[in-house]
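Okay, thanks for coming, everyone.

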Amino acid sequence: MTVQQRTLGTTSPLTVSALGLGCMGMSEFYGTGDERQGIETINRALDLGVTFLDTADMYGPFTNEQLVGKAIAGRRGEVQLATKFGNEREPDGTRVGINGRPEYVRSACDASLRRLGVDHIDLYYQHRVDRSVPIEETVGAMAELVDAGKVRHLGLSEASAANIRKAHATHPITALQTEYSLFTRDLEDEILPTIRELGIGLVPYSPLGRGILTGAITDSASLDDNDSRRTAYFPRFAGENLDTNLALVAKVREIAEQKGCTPGQLALAWVLAQGDDVAPIPGTKRVKYLEENVAAADVELSDVDLKALEDAVPRGAVAGDRYGDMSHIDS
């Protein structure tokens, strides 16, 4: 069981494992984190060829980068390391806001390098677009980090098509990270054609619909009391929305049973089938689920399978916005 590789971007290409690992939940948001368990999961991922690791300064805040740094100590050469800046938080977790000012870009990068214990970041993303700062200024400061050898490749997250074009004209963008799954397909209208025209790779986060497509969530009680999916921040997990969405998951489960795989593996296989320029980063903090996700790479989907899945989960069928407050999404 090992994961193949894919290349993100054409102007500034970065070869990564076709399936990455989102590390956020090891520290925050999806219940209580466990550093020892997280480190164990990251090392198992590397053993399986899952070498594309994703973190951000705001996860924890700050503690997730430290965890990842500990996990990859002694194995840095195996890793394609991605982190992000722009969602500014205080050490106590207070959210300051979105910050794309050039001076902040530089200080945030230096702080991430220290926490990660590395001398360079392979892929550095602007986590959210700061509408008060022209994106050319933010990306210009990011480009300076490339020139300084602190960063190898640049990325954006949740950027609009217009800002993707402006950013790419300032410095080659290797990848766009945005939410993409059977449950979230709005980027197919404008974003996906834009990045493919420009030769920018796609890194889907939440490719399992924040876990709902695994089938492990049967009601709100399936989630820990301190899990952010139980809050208004994630409307798809509340009340009638959850009931509607679980009915869609049941249809995915039926197809998965016919294919001899789990619903999560089927959902991941669907994302992987969307193109060789796509490298999803499902998150997990447990080795068991990591290994289940890795096995999704061996699930082959025919055109008939793909159509069956898209018929089972029509684009307009998912209930609720992906965030309760969509104002931080650039559009």
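How much space lies in the largest cavity? About 80 Å³. Before I go further, please keep in mind that this is a predicted model, so treat what I say as a reading of that model.

Let me stay with the empty space for a moment. Rolling a probe the size of a water molecule over the atoms shows where empty space is left. Counting cavities of 30 Å³ or more, we get one. The lining of the largest cavity includes Glu179, Phe183, Gly209 and Arg210, and also among the lining residues are Phe234, Pro235, Arg236 and Phe237. Asp321 and Arg322 line it too. Sorted by class, that lining has five nonpolar, two polar and five charged residues.

Now compare that with an open space, the second largest pocket. That one holds about 290 Å³. It has 15 lining residues, and Arg6, Leu272, Ala297, Asp298 and Val299 are the ones nearest its centre. Its lining comes out as 10 nonpolar, two polar and three charged residues.

Arg6 gives us a way into the strands, so let's follow it. Arg6 sits in strand β1, residues 5-8, where Arg6 and Leu8 make up the covered face. Gln5 and Thr7 are on the uncovered one. As a bit of background, in a regular strand the side chains alternate between the two faces of the sheet. What does β1 pair with? Strand β2, residues 14-17, in the antiparallel sense and over four bridges. If you look for Leu8, you'll find Leu14 of β2 opposite. The two strands form a hairpin with five residues between them, and Gly9 in the turn has a positive phi of about 80°.

Next up, the sheet of seven strands. It's open, the pairing is parallel, and the order reads β3-β4-β5-β8-β9-β10-β11. Which strands are at the edges? Those are β3, residues 21-22, and β11, residues 201-205, and each of them pairs on one side only.

Let's zoom in on β8, residues 121-126. On one side, four bridges join β8 to β5, residues 80-85, running parallel. Lys84 has Tyr125 in β8 as its bridge partner. There are also five bridges from β8 to β9, again parallel, and there Leu123 stands opposite His153. Is β8 enclosed or open to the outside? Six of its six residues are buried, so β8 is largely enclosed by the rest of the structure. Part of the picture around here is helix α4, residues 135-147, which lies across β5, β8, β9 and β10. Its direction is at about 155° to β9.

Okay, over to another helix, α2, residues 63-72. This one is mostly covered, with seven of its 10 residues buried. The buried ones include Asn64, Glu65, Leu67 and Val68. What covers them? Helix α1, β4, β5 and helix α3 are among the covering elements. Just past the end of α2 there's Gly74, with a positive phi of about 90°.

Helix α1 has a residue I'd like to point out, Gly38. Leaving out neighbours within four places in sequence, Gly38 is in contact with Met26 and Leu67. Gly38 has a relative accessible area of 0%, so it counts as buried. As for Met24, it is 14 residues from Gly38 along the chain, and their C-alpha atoms are separated by 9.9 Å.

Last stop is Asn293, in helix α9, residues 287-294. Buried or exposed? Buried, because its relative accessible area is 7%, and the cut-off for buried is under 20%. With neighbours within four places in sequence left aside, Asn293 is in contact with Leu19, Leu208, Leu268, Pro282 and Thr284. Gly31 is 262 residues away from Asn293 in sequence, and 20 Å away in space, going C-alpha to C-alpha.

Notes: Residues numbered from 1 in each chain as written. Predicted model: local features only at pLDDT ≥ 70, side-chain atom pairs only at ≥ 80, totals over all residues. Heavy atoms only, no water. 1 Å grid on protein atoms, 1.4 Å probe; cavity = no way out; pocket = protein on both sides within 12 Å on 5 of 7 lines; lining within 4 Å. Points joined across faces, edges and corners; volume = space filled by probe spheres on them. Nonpolar A, V, L, I, M, F, W, Y, C, P; charged D, E, K, R; others polar. Pairing = 2+ DSSP bridges. Contact = heavy atoms within 4.5 Å. Axes fitted to C-alpha atoms, helices over the stretch in contact; angles between N-to-C directions. Buried < 20%, exposed > 50% of the residue type's maximum accessible area, 1.4 Å probe, protein only.
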